[in-house]
Amino acid sequence: MLKIWTDGSCLGNPGPGGWAFLATDGKNVATRSGGDANTTNNRMELMAVIRALGAARHHSCVEIHTDSQYVKNGMTSWLKNWKKNNWRTADKKPVKNQDLWMALDTAAENIEIHWVWVKGHAGEEYNETVDNLARGAAESFR
């Protein structure tokens with residue numbers, strides 16, 4: 001199974017932001033990162049997973065490690081109802097970042113995803129790696 005760590009970072013919220021992912025099959029490790037000059041932390045968290053799944057499109061099963069409860073809960077709990085309610089939350093407000101949620105939903109099609117929440121900034125090696133890459137990508141826009 002391909003294991004993926006993702007993270008998003010924002011210097012100010014909104015502000016310059018970065019996303020990053022690390023993927024490993026147990027033998028090889030690959031990283032990617034990028035960013036945006038004016039964005040939010042949640043958008044970068046979403047973009048990290050979208051980009052990771054795009055790179056993993058030839059895999060039918062992946063394990064995503066994220067420190068974002070927003071992304072994990074969105075995909076495992078909220079998304080089904082948002083779609084059923086025409087992209088409205090339980091209190092009838094439009095879903096924030098709908099464009100990226102829709103892109104993530106599409107990217108996740110035909111991939112079995114196992115979600116693993118990791119505590120951020122707690123010394124977990126690959127989580128720290130993607131945190132540093134995302135922060136570096138955000139800083140490149142300063």
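Reply: Start with the word helix: here a helix is a DSSP run of H or I with at least four residues, numbered from the N terminus. Asp131 is found in such a run, helix 4, which spans residues 125–139. Keep in mind that this is a predicted model.

Me: Why is Asp131 called buried?

Reply: Buried means under 20% relative accessible area. Asp131 has a relative accessible area of 6%, so Asp131 is buried.

Me: What does Asp131 touch, leaving out residues up to four places away in sequence?

Reply: Asp131 touches Asp7 and His121. Contact means heavy atoms within 4.5 Å. Ala20 is 111 residues from Asp131 in sequence and 7.4 Å from Asp131 in space, C-alpha to C-alpha.

Me: How do you know whether Lys84 is buried or exposed?

Reply: The cut-off for exposed is over 50%. Lys84 has a relative accessible area of 63%, and is therefore exposed. Lys84 is found in helix 2. From Lys84 to Trp19 there are 65 residues in sequence and 29 Å in space, C-alpha to C-alpha.

Me: Which residues of helix 3 are buried?

Reply: In helix 3, residues 98–108, the buried ones are Leu100, Trp101, Leu104, Asp105 and Ala108.

Me: What puts these residues on the same side of helix 3?

Reply: Their arc around the axis is only 140 degrees, so they lie on the same side of helix 3. Their cover includes helix 1 (41–55), helix 2 (69–84) and strand 5 (112–117).

Me: Why are helix 1 and helix 3 called roughly parallel?

Reply: Two packed helices are described by the angle between their axes and the distance between the axes. The axes of helix 1 and helix 3 cross at roughly 25 degrees and come within 9 Å. Angles under 35 degrees count as roughly parallel, and helix 1 and helix 3 are therefore roughly parallel to each other. Their crossing is left-handed.

Me: Which residues make the contact between helix 1 and helix 3?

Reply: From helix 1 they are Arg43, Leu46, Met47, Val49, Ile50 and Leu53. From helix 3 they are Asp99, Leu100, Trp101, Ala103, Leu104, Ala107 and Ala108.

Me: How many residues of this contact are nonpolar, polar and charged?

Reply: The contact of helix 1 with helix 3 has 11 nonpolar residues, no polar ones and 2 charged ones. Asp and Arg are among the types that count as charged.

Me: What follows helix 3?

Reply: Asn110 follows helix 3, and the phi of Asn110 is positive, near 65 degrees.

Conventions. Residues are numbered from 1 along each chain as its sequence is written. This is a predicted model: local features need pLDDT of at least 70, side-chain atom pairs count only at pLDDT 80 or more; totals for chains, interfaces and linings use all residues. Side-chain values use heavy atoms; hydrogens and water are left out. Buried means under 20% relative accessible area, exposed over 50%, partly exposed in between (1.4 Å probe, protein chains only). Helices (H or I, at least four residues) and strands (E, at least two) are DSSP runs, numbered from the N terminus. The arc is that of the directions from the helix axis to the C-beta atoms. Axes are lines fitted to C-alpha atoms, for helices over the stretch in contact, and angles run from 0 to 180 degrees between N-to-C directions. Angles under 35 degrees count as roughly parallel, over 145 as roughly antiparallel, 65 to 115 as roughly perpendicular and the rest as oblique. A crossing is left-handed if the near helix is turned anticlockwise from the far one by less than a right angle, and right-handed if clockwise.
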